[in-house]
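Hi everyone, thanks for coming. I'd like to walk you through one model today, so please have the viewer open and follow along.

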Amino acid sequence: MPSLSLSLTTPFLLLVFCLIGLLLAADDVCPGGSHLRAPDTRLNLPTGSVVGNCPTEAIPLVMAEDDKYGNKMVISLTPRLYDYVLNNVREHEILRQLREETAISQIQVSPDQAQLLAMLVEILGAERCIEVGVYTGYSSLAVALVLPESGRLVACDKDSNSLEVAKRYYDLAGVSHKVTVKHGLAAESLMSMIQNGEESSYDFAFLDADKAMYQEYFELLLRLVRVGGVIVIDNVLWHGWVADPMVDEARTINIRNFNKKLMDDKRVSISMVSIGDGMTICRKR
């Protein structure tokens, strides 16, 4: 009889061990079917990181090469993380329509940039604004939407076809009465405003135009914006090329030189931010 008991017990024990193994394996599977892996203790993770026991998309962290800035690390946007940012932008329906119509372009600002511009205008309580470089009007429309009914935005651009698209969307959004479109060379338009006695009468300006003209545009805008007013300049990081000494393309050099002069310009307080293609926010002193 003992041999019979052993023969019955052995298959039962094997079954128990198999069940235990399956349960342990189930604990090693993350939602979505990813298998558990040992946590990677590195901060800069090219192969992904671990939340709990589950691997996630890599969120690369970057640190300044210059030791004097210490070991502070900052997040570098991945496509998934940037999608998350964009999903948290409160984009007006008309802005969305305009963005989708002109989505093929790399010229217009991104939704998160437009939201920042609009917020700066609101924080300032701005009523008089200027935009140099309108394209099809995404950024100027974002600004016009938050201006009070008595507000005014002067939109300068030399491309008549793009301006026609912009004006169509100003109409759709019901803000055409706030926007004065100036078709022609922006430097001439700004100078005519100065000659018309409009110096120091504007609260906010956004510059996103010909990079070779940035310094001249900035000087004119600085005359038109009041003390305490804000000028925002786009593309100051220029695809990252400004930091690459091997890149000597003309527009890159122009932006490098502009950034250097702005850094030394005591007439303004500045903050360069790495949103979009880089923006520098200047407050006139």
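This is a predicted model: local features need pLDDT of at least 70, side-chain atom pairs count only at pLDDT 80 or more; totals for chains, interfaces and linings use all residues.

**A sheet and the helices on it**

Where does Leu147 sit? You'll find Leu147 in the loop between α5 (138–146) and β6 (152–157).

What does Leu147 touch, once residues up to four places away in sequence are set aside? The list is Val121, Ala126, Glu127, Cys129, Arg152, Leu153 and Lys178. Take Glu127 from that list: it is 20 residues from Leu147 in sequence, and the two C-alpha atoms are 6.2 Å apart in space.

Now pick Lys178 from the list and centre on it. Lys178 belongs to the loop between α6 (160–173) and β7 (179–183). Is this lysine buried or exposed? Lys178 has a relative accessible area of 3%, so it is buried. Not counting residues up to four places away in sequence, Lys178 touches Ala144, Leu145, Leu147, Pro148, Glu149, Gly151, Arg152 and Leu153.

Let's zoom out to the sheet. Seven strands make up an open sheet with mixed pairing, and their order is β7-β6-β5-β8-β9-β11-β10. Which strands stand at the edges? They are β7 and β10 (268–273); each has a single partner strand, so one side of each is left without a neighbour in the sheet. From one strand to the next, the twist averages 15 degrees.

Two helices to look at here. α5 packs on the sheet, where it touches β5 (128–132), β6, β7 and β8 (202–207), and its direction makes about 175 degrees with that of β5. α6 also packs on the sheet, touching β6 and β7, and its direction makes about 170 degrees with that of β7.

Next, please colour β8. How many of its residues are buried? Six of its six residues are, so to speak, under cover: β8 is mostly covered. On one pairing, β8 joins β5 in the parallel sense over four bridges, and Glu131 stands opposite Phe206 in β8. β8 also pairs with β9, again in the parallel sense, over five bridges, with Phe204 standing opposite Val230 in β9. Between these two strands, the chain runs from β8 through helix α8 (residues 214–224) to β9, and this β-α-β crossover is right-handed.

For the antiparallel part, go to β9 (residues 225–234) and β11 (residues 279–284), which pair in that sense over five bridges. Ile231 has Cys282 in β11 as its bridge partner.

Back to α6, with a quick check of its geometry. At 1.5 Å a residue, the 14 residues of α6 should span 20 Å, and the end C-alpha atoms are 20 Å apart, which agrees. Which residues of α6 are buried? They are Ser162, Leu163, Val165, Ala166, Tyr169, Tyr170 and Ala173. Why do they end up on the same side of α6? Because they cover an arc of only 155 degrees around the axis. There is a general point behind this: an α-helix has 3.6 residues a turn, so residues three or four places apart point the same way. The face of α6 turned away from the buried side carries the exposed residues Asn161, Asp171 and Leu172. As for what covers the buried residues of α6, that includes α3 (93–101), α5, β6 and β7.

Last stop, α7 (residues 186–195). Its buried residues are Ala186, Ala187, Ser189, Leu190, Met193 and Ile194. Their arc around the axis is only 165 degrees, which puts them on the same side of α7. Glu188 and Gln195 are exposed, on the face turned away from that buried side. What do the buried residues of α7 pack against? The partners are β5, β6, β7, β8 and α8.

Leaving aside neighbours within four places in sequence, Met193 is in contact with Ile130, Val154, Lys182, Glu198, Tyr202 and Leu224. The C-alpha atoms of Met193 and Leu220, which are 27 residues apart along the chain, are separated by 9.6 Å. And just after α7, look for Gly197, which takes a positive phi of about 85 degrees.

That's my tour, and I'm happy to go back to any view.

Notes. Residues are numbered from 1 along each chain as its sequence is written. Side-chain values use heavy atoms; hydrogens and water are left out. Buried means under 20% relative accessible area, exposed over 50%, partly exposed in between (1.4 Å probe, protein chains only). Contact means heavy atoms within 4.5 Å. Two strands pair if DSSP finds at least two bridges between them. Axes are lines fitted to C-alpha atoms, for helices over the stretch in contact, and angles run from 0 to 180 degrees between N-to-C directions. A crossover is right-handed if, with the strands pointing away from the viewer, the path from the first strand over the helix to the second runs clockwise. The expected span of a helix is 1.5 Å times one less than its number of residues. The arc is that of the directions from the helix axis to the C-beta atoms.
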